[in-house]
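Have the structure open as you read.

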Amino acid sequence: SVNYKDFKANYVRKELVKNQRFARIVRQRFSHVWVIDDDIHFPQLTVLSAFLQSVQSMNPLIAQPAIHGSWQQLVTPDHQPRGSLCPVWSTDFVEVMAPIIKSNVLLDIYSRLISQTSNSDWGLDMVWCRYAAKRYRRETTPDRACLIIKPDGAAPTSSFLYHHDRNLSFH
């Protein structure tokens, strides 16, 4: 966890991508990096653990937890892969608020896909799944490139994200 006095996109680009020493450490030590907005409150440890274990077992390029109170409540997960503790659905849209991204994919996206002069990652969620699925097609299958994972057991009030005066939580 870091407290960085700049936009999240700038932190990722400056500290995780352009800092070659740190980028090398990220690639070597971490399969995924979770780039979370600062207004997300985590659910119970069992729910968080189920989400992270599902990410580890499915190894998606980009994934996120289902957010209670968002459009994701309207979609029913389409399957629960063997080895996953949680139901999931394949998607081509993972929001920028809480993505967990394979380390090499994160470094690629923030060095090639995002403008190096941009202070924002706004709109990135509209393109990064298709970009990653096409660019890394040898590393994944289409049904596992980008996932939304719904951790089982999360009560609607177990965790909150405050966004535009609406309460959202992991679901």
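R130 counts as partly exposed, at 48% relative accessibility, where partly exposed is the range between buried (under 20% relative accessible area) and exposed (over 50%), with a 1.4 Å probe and protein chains only. Before going further, note that this is a predicted model: local features need pLDDT of at least 70, side-chain atom pairs count only at pLDDT 80 or more, and totals for chains, interfaces and linings use all residues. Residues are numbered from 1 along each chain as its sequence is written, and side-chain values use heavy atoms, with hydrogens and water left out.

**Salt bridges**

What does R130 pair with? Its partner in a salt bridge is D92, with the closest N and O atoms 3.7 Å apart. A salt bridge here is a side-chain nitrogen of Lys or Arg within 4 Å of a carboxyl oxygen of Asp or Glu, and by this rule the count comes to five. R130 sits in helix α5 and D92 in the loop between β4 (88–90) and β5, so the pair links distant parts of the chain, 38 residues apart. Helices (H or I, at least four residues) and strands (E, at least two) are DSSP runs, numbered from the N terminus. D92 is partly exposed too, with a relative accessible area of 40%.

K102 and E139 form another of these bridges, their closest N and O atoms being 3.3 Å apart. This pair also links distant parts of the chain: K102 belongs to strand β5, while E139 is in the loop between α5 and β6 (146–149), 37 residues away. Is K102 buried or exposed? At 11% relative accessibility, K102 counts as buried, whereas E139 is partly exposed at 38%.

Then there is D108 with R135, whose side chains meet at 2.7 Å, N to O. D108 lies in helix α4 and R135 in helix α5, so the bridge ties together parts that are 27 residues apart in sequence. D108 is buried, at 6% relative accessibility, and R135 is partly exposed, at 41%. R112 joins in as well: D108, R112 and R135 are linked in a network of salt bridges.

Here are those three pairs side by side.

| Pair | Closest N to O distance |
|---|---|
| R130 and D92 | 3.7 Å |
| K102 and E139 | 3.3 Å |

**Overall layout**

Stepping back, the protein has five helices and eight strands. From the N terminus on, the elements run α-α-β-α-β-β-β-β-α-α-β-β-β. Buried residues make up 46% of the 171 residues. Taking contact as heavy atoms within 4.5 Å, residues 24 or more positions apart account for 74% of the contacts with a separation of 6 or more. The protein exposes about 9400 Å², and carbon and sulfur atoms supply 52% of that; the areas come from the Shrake-Rupley method with a 1.4 Å probe, and for residues only the protein chains shown count as cover.

**Helix α4 and the cores**

Back to the helix that holds D108. The buried residues of α4 (residues 103–113) are S103, V105, L106, L107, D108, I109 and Y110. They pack against α1 (8–17), α2 (20–29), β1, β2 (62–65), β5 (100–102) and α5 (128–135).

In soluble globular proteins, nonpolar side chains tend to be buried together. A nonpolar core here is a set of buried Ala, Val, Leu, Ile, Met, Phe, Trp, Tyr and Cys residues joined through side-chain atoms within 4.5 Å. The largest one has 27 residues, of which V12, I62, V105, L106, Y110 and W128 touch the most other members. Helices α1, α2, α4 and α5 are the elements that give two or more residues to this core. Apart from it lies another core, of ten residues, among them M58, C86, I100 and L147.

Which residues does Y110 contact, leaving aside its neighbours within four places in sequence? They are A9, V12, R13, V17, Q116, D121, L124 and W128.

**Around helix α3**

A search of the whole structure finds one aromatic pair. The rings of W34 and F51 have their centres 5.1 Å apart and their planes at 35°, so the pair is tilted. For the rule, rings of Phe, Tyr and Trp (its six-membered ring) pair if their centres lie within 6.5 Å; planes under 30 degrees apart count as stacked, over 60 as edge-to-face and the rest as tilted. W34 is in strand β1 (residues 32–34) and F51 in helix α3 (residues 45–58), 17 residues apart. F51 is buried, with a relative accessible area of 1%.

S57 lies in helix α3 as well, and is partly exposed at 35%.
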